[in-house]
Amino acid sequence: MCKGLLIAGTHSGVGKTTITIGIIEALKNRGFNVQPFKVGPDFIDPGLHEIIADRPSRNLDIWMCGTDYVGECFSKNTEDVDIAVVEGVMGLFDGGVASTAEVAKTLGLPVVLIVDAHSMAESAAASVKGFETFDQRVNIAGVIFNKVAGERHIGMLSDAIKKYTNVKILGFLPKQIEFSIPERHLGLLTKEESPISKDALTALAETINKSINIELLLKLTTPAELKPINNRDSVHNSK
């Protein structure tokens with residue numbers, strides 16, 4: 001099956017979508033054919049994925065469709081691609097049987113954890129360690145720090161992660177970057193409103209290439225492996 005990875009966050013608002021579309025663009029620039037996915041029923045993020053990947057992003061929703069469908073959808077839509085990039089929803093373990101973690105386990109994909117490092121140093125390692133050990137069936141393979149203040153900050157973060165966890169450090173995004181996705185009070189703008197300019201996307205990809213180790217990220221990707229779990233059928237039929 002296609003190699004892939006899942007990008008998850010410690011909580012909502014940590015920068016999953018920005019980092020996901022930046023990684024997709026960086027991979028495309030390297031010549032990879034990328035299939036994006038989004039955990040849950042969200043339609044805005046998949047629309048943004050499609051702008052970058054030039055192919056429809058698919059929803060992986062265990063709650064409404066069940067794990068069998070999630071596996072079938074993933075398999076069908078990765079037959080002709082090099083790599084799959086799945087963006088999670090909310091925090092990694094939020095949502096119970098319909099969480100990002102359950103999708104990661106269903107597909108056997110490694111997780112790249114996004115951590116908002118603003119106003120944190122060594123304490124970030126405690127957070128990553130907690131996610132690493134919370135469910136041993138979830139493979140937290142790498143971490144990316146967002147909102148990093150500078151070299152001294154990333155040094156403290158890196159030292160703590162190396163000392164207290166087994167998670168690979170893939171890189172960081174600086175506190176100030178020349179990229180943002182326009183928002184309104186109900187959420188991000190949709191793809192039909194053309195929220196991302198080519199110049200902004202190019203700038204984001206340049207930041208990603210400079211600050212995130214894409215080669216190491218590629219080494220962490222693994223072929224998807226559908227794994228039987230307790231809620232193998234639709235959660236609505238598991239009672």
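## Nonpolar cores

The largest nonpolar core holds 38 residues. A nonpolar core is a set of buried Ala, Val, Leu, Ile, Met, Phe, Trp, Tyr and Cys residues joined through side-chain atoms within 4.5 Å. Buried means under 20% relative accessible area, exposed means over 50%, and partly exposed lies in between (1.4 Å probe, protein chains only). Leu-60, Phe-74, Val-86, Leu-92, Val-111 and Phe-145 have the most contacts inside this core. A second, separate core has 30 residues, including Ile-21, Ile-144, Leu-204 and Leu-218.

This is a predicted model, in which local features need pLDDT of at least 70 and side-chain atom pairs count only at pLDDT 80 or more, while totals for chains, interfaces and linings use all residues. Residues are numbered from 1 along each chain as its sequence is written, and side-chain values use heavy atoms, with hydrogens and water left out.

## The chain as a whole

The protein chain contains eight helices and ten strands. Helices (H or I, at least four residues) and strands (E, at least two) are DSSP runs, numbered from the N terminus. Of its 239 residues, 54% count as buried.

A contact means heavy atoms within 4.5 Å. Among contacts in the chain with a separation of 6 or more, 78% are between residues 24 or more positions apart.

## Helices α1 and α2

Two packed helices are described by the angle between their axes and the distance between the axes. Axes are lines fitted to C-alpha atoms, for helices over the stretch in contact, and angles run from 0 to 180 degrees between N-to-C directions. Helix α1 (residues 16-29) packs against helix α2 (residues 44-53) at about 20 degrees, and their axes are 9 Å apart. The two are therefore roughly parallel (angles under 35 degrees count as roughly parallel, over 145 as roughly antiparallel, 65 to 115 as roughly perpendicular and the rest as oblique).

On the α1 side the contact is made by Thr-17, Thr-20, Ile-21, Ile-24, Glu-25 and Lys-28, and on the α2 side by Asp-45, Leu-48, His-49, Ile-52 and Ala-53. Five of these residues are nonpolar, three polar and three charged. Here Ala, Val, Leu, Ile, Met, Phe, Trp, Tyr, Cys and Pro count as nonpolar, Asp, Glu, Lys and Arg as charged, and the others, Gly among them, as polar.

## Helices α5 and α6

Helix α5 (residues 123-134) and helix α6 (residues 151-164) pack at about 40 degrees, with axes 8 Å apart. This pair is therefore oblique. Ala-124, Ala-125, Val-128 and Lys-129 of α5 meet Leu-157, Ala-160, Ile-161 and Tyr-164 of α6. The contact has seven nonpolar residues, no polar ones and one charged.

## Individual residues

Most residues other than glycine have a negative phi, and most peptide bonds are trans. Asp-54 has a positive phi, near 65 degrees. Asp-54 lies in the loop between α2 and β3 (58-60) and, at 59% relative accessibility, counts as exposed. Met-90 also has a positive phi, about 50 degrees. Met-90 sits in strand β4 (residues 83-91) and is partly exposed, at 36% relative accessibility.

Thr-106 belongs to helix α4 (residues 100-107) and is buried, with 0% relative accessibility. Thr-106 and Glu-225 are 119 residues apart in sequence, yet their C-alpha atoms are 7.9 Å apart in space.
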